[in-house]
Amino acid sequence: MANTTVTGAQAVHGQNPQYLVETVIRNRIYESGYWKEHCFALTAETLIDKAITLKCIGGEFMCLLLKLLQIQPQKEILIEYLQADEFKYLRALAALYVRLVFRAVEVYETLEPLLKDYKKLRLRNMAGYQLTYIDEFIYSLLTEQRVCDIILPRLPKRSVLEENGDIGPRKSRLLDAMEGRSDHGSDR
């Protein structure tokens, strides 16, 4: 029963949420020792303990992502995961989950503030380890079609959503700085 989605789970993009991870990757996760030993009977609360011990984005990270897709935590819990800035891999895990599951407007509104986070991340791929940053990881979630060997659901461009009035214009820290505005106010 460890490989089934929680009873009463909602369909995501018209399918079982686990199917957002390709079959080959999903089967490799099911066969991994980490999945069998550490991901059995995890809840949204106990998953935090596993996520804060992560050392890279790779195998264990993918196991926890699949577990998140199985248990479908509430939106408020995911927002708390994203706000825990001292745990960068928990934050990255929640960001990837948000990108996979949330609607386009919610994805932009939730993930764009994380573009200000410049913490280092280790990304493990077939060639070994690679250094990246949270802002680069978030940018790839917003612009790429494939991240961590997962094909992401289609995301309309931000400009299209702005034209339709679904989302407001993006707040740029660089543009604000060029115009003389700052986060601290204009009392200088």
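Guide: A crossing is right-handed if the near helix is turned clockwise from the far one by less than a right angle, and left-handed if anticlockwise. The crossing of helices H4 and H6 is right-handed. This is a predicted model, in which local features need pLDDT of at least 70, side-chain atom pairs count only at pLDDT 80 or more, and totals for chains, interfaces and linings use all residues. Residues are numbered from 1 along each chain as its sequence is written, and side-chain values use heavy atoms, with hydrogens and water left out.

Visitor: What makes H4 oblique to H6?
Guide: H4 (residues 59-71) and H6 pack at about 50°, with axes 10 Å apart. Angles under 35 degrees count as roughly parallel, over 145 as roughly antiparallel, 65 to 115 as roughly perpendicular and the rest as oblique. H4 is therefore oblique to H6.

Visitor: Why are H6 and H7 called roughly antiparallel?
Guide: Their axes come within 8 Å and cross at roughly 160°, so the pair is roughly antiparallel. The crossing of H6 and H7 is left-handed.

Visitor: Which residues of H6 and H7 meet?
Guide: Ala95, Val98 and Arg99 of H6 meet Val107, Thr110 and Leu111 of H7, where contact means heavy atoms within 4.5 Å.

Visitor: Why is H6 described as largely enclosed?
Guide: Buried means under 20% relative accessible area (1.4 Å probe, protein chains only). In H6, 13 of the 14 residues are buried, so the helix is largely enclosed by the rest of the structure.

Technical notes: Buried < 20%, exposed > 50% of the residue type's maximum accessible area, 1.4 Å probe, protein only. Helix = DSSP H or I, 4+ residues; strand = E, 2+ residues; numbered from the N terminus. Axes fitted to C-alpha atoms, helices over the stretch in contact; angles between N-to-C directions.
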